[in-house]
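Here is a briefing on one protein model. Keep the sequence and the 3D view open as you read.

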Amino acid sequence: MAFSDDTSSTTSSSSSEQANLCLMTQIEKDQIEVYSSHSSSSMWDSDSILAASQPPCSSSPPTVTSVFSADIADELFIWSGTKEEDRSLLILPFTYLRLEVSEMADSNRESLVMLEEGNDADAGSDELEEVEEGPAFKKPRKRQARCWKHFTIIGEKGNEKARCNGCKTEYKIDSKTCGTSTLNRHIDKCTQIKHEDIGQVILDMQGKMKAIKIDMKVAREMYAEAVIEHDQPFNFAEYRKFKRFHNYLNPDWTGISRNTLKQDVLNLQMRDKMKLKKMFGSIQSRICLTSDLWTSCNTEGYVCLTAHFIDVNWKLNSKIIAFRHMPPPHTGFELTHKILGLLKEWGIEKKIFTITLDNASANDSMVSGLRNQLNMQKLLLCDGKFFHARCSAHILNLIVQDGVKVANDALTRIRESVKYIKGTESRMIKFKECIEQVGGEKTVTALIADVPTRWNSTYEMLNRALKFKRELAILQLSDRNYKYYPSEEEWNRLEILCRFLHPFCEITNLMSGTSYPTSNLYFLQVWKIQRVLIRMSNDEDVVVSSMANKMMDKFQKYWEDYSDVLSLGAILDPRIKFTTLSFCHRKIDAYTHDDKMENIKANVYKLFENYVKINSSTNIDQSQDNTHSSSQGSMELRGWDDEILDELTLHTQHQAINTGKSELDVYLEEPPVMVIDRWNSLDALQWWKDNSCRFPSLSLMARDLLSIPITTVASESAFSIGSRVLNKYRNKLLSKNVEALVCTRNWLAGFVANDDDDDEDGISHILASSRGSNSHETL
């Protein structure tokens with residue numbers, strides 16, 4: 001605070017001039033009163049200070065000096081003296097004042113001396129910078145860098161150095177040429193600096209004080225992971241209240257900006273991507289793909305590519321490896337180059353086994369292009385014969401949608417009834433009264449509407465509406481505006497339709513889960529659908545038989561010939577094998593049974609030959625490595641388990657050689673696992689893991705076949721994540737940031753959906769049985 005030189009106005013006499021020099025203005029007096037009100041010593045008020053500051057008659061003006069260190073909110077600057085070189089700075093401390101009158105060396109004048117605050121312990125770190133004397137000066141600024149808590153400035157101005165409070169190492173400092181990076185690095189490696197201040201200690205289990213050190217790199221990674229997993233925007237880091245919360249927990253937390261957080265997310269994506277690429281290089285199994293296209297809320301196209309594989313622990317993994325912006329046109333040619341470029345980016349083009357897609361025409365063209373490109377380099381097994389698999393859930397949805405159209409009139413009445421009741425609050429209250437008249441524990445919210453694109457939601461709407469038949473009848477009598485009540489004939493037809501659709505709903509739920517919807521589940525489910533359609537096509541009810549016939553026409557279009565590669569997965573399920581497949585085909589059509597079984601048998605043996613060659617080359621490489629390692633330390637002892645497994649493997653191989661049978665022959669001759677209590681609980685992958693030593697080549701083949709997804713649900717689950725990342729409030733995100741958020745979220749948390757992401761119609765729970773903890777809505 002600077003005061004005007006008018007306080008030293010010219011007067012007629014020199015004595016009165018000197019007297020006026022020491023007089024304070026009224027503003028100064030008021031400020032002293034404010035400071036003295038906080039003082040622990042009440043004897044000093046503004047009048048006492050003014051009286052003490054009055055000098056005796058002397059030719060030299062008084063001088064006011066102060067040397068102290070204070071951490072205060074404001075300082076009061078008081079000018080004294082007539083000459084600029086005689087002016088000094090007076091600072092009144094915030095906590096208390098101590099005045100001392102001293103004799104000047106060259107005269108008998110008294111002067112006012114302001115002494116330093118009593119707490120000298122913190123004076124070293126909070127000392128104010130030296131203020132240059134002169135007619136114009138700036139308020140001293142306290143050093144804010146973290147390093148100044150552990151360094152002391154020494155030396156004269158112009159040749160200052162920073163001395164470490166721990167090891168006493170000195171560094172040259174210069175605001176123009178030398179920053180604080182060197183000092184910060186020294187703090188991290190100095191072992192003599194004490195960090196145990198009150199903000200950095202916690203209580204351990206024994207109640208003792210224990211020092212902690214916050215690693216800012218780890219803290220920022222955790223911050224980025226939280227933002228990714230909980231779908232928060234980048235400016236979450238700049239929320240004012242959240243920054244206050246962080247500062248309260250740890251005053252040393254300086255906070256980060258949205259740009260810093262964005263870069264942390266990109267760094268996290270790159271780190272996890274390198275880990276995943278390393279995993280792809282280490283696994284022996286091949287990789288199966290699913291892909292689909294998505295249009296965001298801002299009409300931008302994205303292609304999602306998901307990799308499915310079994311790791312070294314025989315666990316099925318599904319990872320989104322790309323969520324890339326796909327500009328138009330979305331033709332098969334463009335999709336081919338996009339997918340092929342992504343495979344080369346990840347370095348997995350030599351490990352591809354199959355790709356599962358829906359029935360879009362562009363996908364057929366893309367599959368043909370990809371197969372040709374990969375076959376030119378001889379990267380596909382059996383020349384790509386088993387490369388393409390169609391999405392079973394998509395086909396099933398098309399089949400059921402055609403059948404449901406037959407009972408469209410009755411379904412429309414149920415759909416309109418639900419819309420009418422949930423249209424206004426007064427109608428819901430009136431329907432609640434109808435429920436109370438009937439009695440029971442039903443609620444209005446149990447009545448749900450369907451989504452036309454998801455047929456199983458239509459089934460759920462119908463199934464719940466049938467439970468409210470009496471309540472809807474009461475509503476029709478009490479509400480003249482309700483005109484959608486079905487007739488008795490329509491109710492009977494809806495009950496038959498509900499029973500008819502129930503097995504299809506169970507199959508859809510099974511196929512739509514991302515936990516284990518692989519090829520071993522395909523055959524039996526498709527066979528079950530065909531059996532139901534054959535039986536219902538002969539039903540006495542005309543509507544039901546007509547619906548079954550329409551669905552059978554669509555079934556024969558897509559599933560007249562079961563997928564070869566997906567049927568092979570059923571053979572390598574120890575519960576099914578050839579015996580069960582033969583029984584199922586004979587039940588459907590005994591005339592075509594032999595031809596179908598011969599075709600399946602030829603395919604499985606042809607594929608097995610490829611894996612025998614792969615395993616032979618792998619064993620040669622491993623034997624060379626083992627020979628090299630044994631020469632390094634041949635005296636190392638091996639465990640009993642390893643020796644037993646090696647002996648068992650050699651026995652199986654010798655037995656196959658002596659009898660002229662292959663591993664596949666031995667496996668197929670063994671009876672299927674038919675223990676009833678283990679049929680549903682048996683894990684096919686675990687069975688092959690336990691028997692991999694008996695069937696070394698066949699287990700490699702089983703590992704690849706059992707990882708083939710029968711639906712594209714995993715890729716479409718990424719669109720649920722993408723709709724939360726890229727929405728109407730965040731529609732300006734760059735495509736690379738969208739990919740980083742979607743992919744990294746999947747790598748960190750899988751396909752887990754947020755619990756609060758219920759859709760507008762409240763039907764998210766329809767798919768709860770199929771989703772479990774990590775699944776996606778069905779088609």
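This is a predicted model: local features need pLDDT of at least 70, side-chain atom pairs count only at pLDDT 80 or more; totals for chains, interfaces and linings use all residues.

The protein has 779 residues, and 44% of them are buried. Its secondary structure comes to 28 helices and 13 strands.

**Overall picture**

- Across the whole structure, a search finds 22 salt bridges.

**Helices H13 and H15**

- Two packed helices are described by the angle between their axes and the distance between the axes.
- Helix H13 covers residues 455-466 and helix H15 covers residues 488-511.
- Their axes come within 9 Å and cross at roughly 135°.
- Angles over 145 degrees count as roughly antiparallel, and 65 to 115 as roughly perpendicular. The H13 and H15 pair is therefore oblique.
- The crossing of H13 past H15 is left-handed.
- On the H13 side, the residues that meet H15 are Trp455, Asn456, Tyr459, Leu462, Asn463, Ala465 and Leu466.
- On the H15 side, the partners include Trp491, Leu494, Leu497, Cys498, Leu501, Phe504 and Cys505. Glu495, His502, Thr508 and Asn509 are also among them.

- Glu460 and Arg464 sit four residues apart in helix H13, so about one helical turn separates them.
- Are these two residues buried or exposed? Both Glu460 and Arg464 are buried.
- A salt bridge also links Glu488 with Lys469, where the closest N and O atoms are 3.2 Å apart.
- Glu488 belongs to helix H15 and Lys469 to helix H14 (residues 469-478), so this pair ties together parts that are 19 residues apart in sequence.
- Glu488 is partly exposed, at 47% relative accessible area. Lys469 is partly exposed too, at 22%.

**A salt-bridge network**

- Glu221, Glu225, Arg271 and Asp272 form one network, joined by salt bridges that share partners.

- Asp402 forms a salt bridge with Lys405, and their closest N and O atoms are 3.9 Å apart.
- The cut-off for exposed is over 50% relative accessible area. Lys405 has 58%, so Lys405 counts as exposed.
- Asp402 is also in contact with Lys554.
- Lys554 lies in helix H17, which covers residues 542-559.
- Leaving aside neighbours within four places in sequence, Lys554 also touches Leu398 and Ile399.
- Lys554 and Val400 are 154 residues apart along the chain, yet their C-alpha atoms are separated by 8.9 Å.

**Arg703, a buried charge**

- Arg703 lies in helix H25, residues 696-705.
- Which side chain of opposite charge is nearest to Arg703? That side chain is Asp704, 5.2 Å away.
- A salt bridge needs the nitrogen and the carboxyl oxygen within 4 Å. Arg703 is buried and has no salt bridge.
- Arg703 touches Gln284, Ser285, Ile310, Asp311 and Trp314, not counting residues up to four places away in sequence.

Technical notes:
Residues are numbered from 1 along each chain as its sequence is written. Side-chain values use heavy atoms; hydrogens and water are left out. Helices (H or I, at least four residues) and strands (E, at least two) are DSSP runs, numbered from the N terminus. Buried means under 20% relative accessible area, exposed over 50%, partly exposed in between (1.4 Å probe, protein chains only). Lys and Arg count as positive and Asp and Glu as negative; His and the chain ends are not counted. Contact means heavy atoms within 4.5 Å. Axes are lines fitted to C-alpha atoms, for helices over the stretch in contact, and angles run from 0 to 180 degrees between N-to-C directions. Angles under 35 degrees count as roughly parallel, over 145 as roughly antiparallel, 65 to 115 as roughly perpendicular and the rest as oblique. A crossing is left-handed if the near helix is turned anticlockwise from the far one by less than a right angle, and right-handed if clockwise.
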